[in-house]
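Here is a short briefing on one protein model. Look over the sequence and the fold, then work through the points below.

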Amino acid sequence: MIYNEIQGVKVSALGMGNMRLPAVDPNVKGSPIDYLKAHEIIDHALANGINYFDTAYVYTGSEECLGACMTKHDRDSFYLASKFHIGSNPDYEAVFAESLRRLQTNRIDFYLLHCLLDNNIDTYLESGAIPYFEKKKEEGAISYLGFSSHASVDVLRRYADYRKWDFAQIQLNYYDWWYGTAKEEYEILTERNIPIVVMEPVRGGRLASLNPEAEAVLKAAHPDWSISSWALRFVKSLPNVKVILSGMSHMDQIKDNLNTFSVEEGLSDADMATLKEACDLFRKSMQVPCTGCRYCTEGCPVQINIPEYMKVYNDYKVNGKDELKKAADIDTEGTPADCVGCGACEAACPQSIKIPEIMAELAELLK
Ligand code: SF4
Ligand code: SF4
């Protein structure tokens, strides 16, 4: 196992995320955690050098399960990370006390304000939670204080400057590095000497399998590397990334991850170019190649703002259903449901995009 340092403490580069521990019946929503299976994974992780275990007050059953497992082990052989989420329960004193109780400990090593967003920064800053956790840190009940963020870069910058944070957790993976804001977020934190814990290194599993063209590029370069290991190797190559969280709910997964983190080796310049090529092919496969030229809009009898809907459609293909909410903000006369399928737009489109088909799909999705 490779180790890094956060504030002088030796942490494993691979951290175990405990949000999705194995359920008794994975096919039943709300099925309780299977303690036997979960403890087997946690014990295996610890025995193989992982010493950073991430959970949160809002991960149902996770703190209790992790806490119960860790009573078998020397408290100084691992670090616990947990989080306070103001939206789910603003009573920070009660939440912190409950987390200690569930985790069966008197100390949380890495404590985070959970899921910073553009619309909750002021609530967090004005709540009194930060001074309270600073006091807990002075008392030794918290070792290091940080935050996890899904905020925009401007809000992240504001938060990073608010106080001297011990660490921060952000979403970082090669896709968001090249096509999102992850690089900028990494730089904001690095410039301020804030060590980074990474979540979503495989983008919620989306980078665990790519389209066949992209996978062929990666397999040709390193036939023995799994597709998801490319994502982990990319993040591992960034010097200010200290812990990479991976939610491991199967033994196969943990073994592949341990293999990736058994050696320092990151990605060479040639590997990086290969990965970028594969990433571009992956993105292309998911998207309609709309350039926003607007040739399609003039002849549309119901005046649909087609290029704006194409943007939403592309974002939906890449990021999933949440992106569809953006359709409500489009400045348009007609909506996809108004499309009469006349085909005038497709005939005018230099990219030959099958616009009526996409409009029909969007009409269904937006119902
Ligand atoms: S097919 Fe639909 S989107 Fe295209 S021009 Fe006709 S009505 Fe407009
Ligand atoms: S004509 Fe085609 S490429 Fe141009 S904006 Fe319309 S859909 Fe996009």
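How many Å separate the centres of domain 1 and domain 2? The answer is 36 Å, taken over C-alpha atoms. This is a predicted model, where local features need pLDDT of at least 70, side-chain atom pairs count only at pLDDT 80 or more, and totals for chains, interfaces and linings use all residues. Residues are numbered from 1 along each chain as its sequence is written, while chains are lettered from A and ligands numbered from 1 in the order in which they are written.

**Domains**
- Domain 1 spans 3–278 and domain 2 spans 306–365. These bounds come from an automatic or database domain assignment.

**Ligand 1**
- The shell around ligand 1 holds 16 residues. A residue is near if its C-beta atom, placed from the backbone, lies within 6 Å of the molecule.
- The closest are Cys300, Cys339, Cys342, Cys345 and Pro356.
- Helices α14 (344–348) and α15 (355–365) each supply at least two residues. Helices are DSSP runs (H or I, at least four residues), numbered from the N terminus.
- α15 gives the most, with 3 residues.
- By class, the shell has 13 nonpolar, 3 polar and no charged residues. Ala, Val, Leu, Ile, Met, Phe, Trp, Tyr, Cys and Pro count as nonpolar, Asp, Glu, Lys and Arg as charged, and the others, Gly among them, as polar.

**Helix packing**
- α1 (residues 35–47) packs on α2 (residues 62–70) at about 60°, with axes 10 Å apart. Axes are lines fitted to C-alpha atoms over the stretch in contact, and angles run from 0 to 180 degrees between N-to-C directions.
- α1 and α2 are therefore oblique to each other. Angles under 35 degrees count as roughly parallel, over 145 as roughly antiparallel, 65 to 115 as roughly perpendicular and the rest as oblique.
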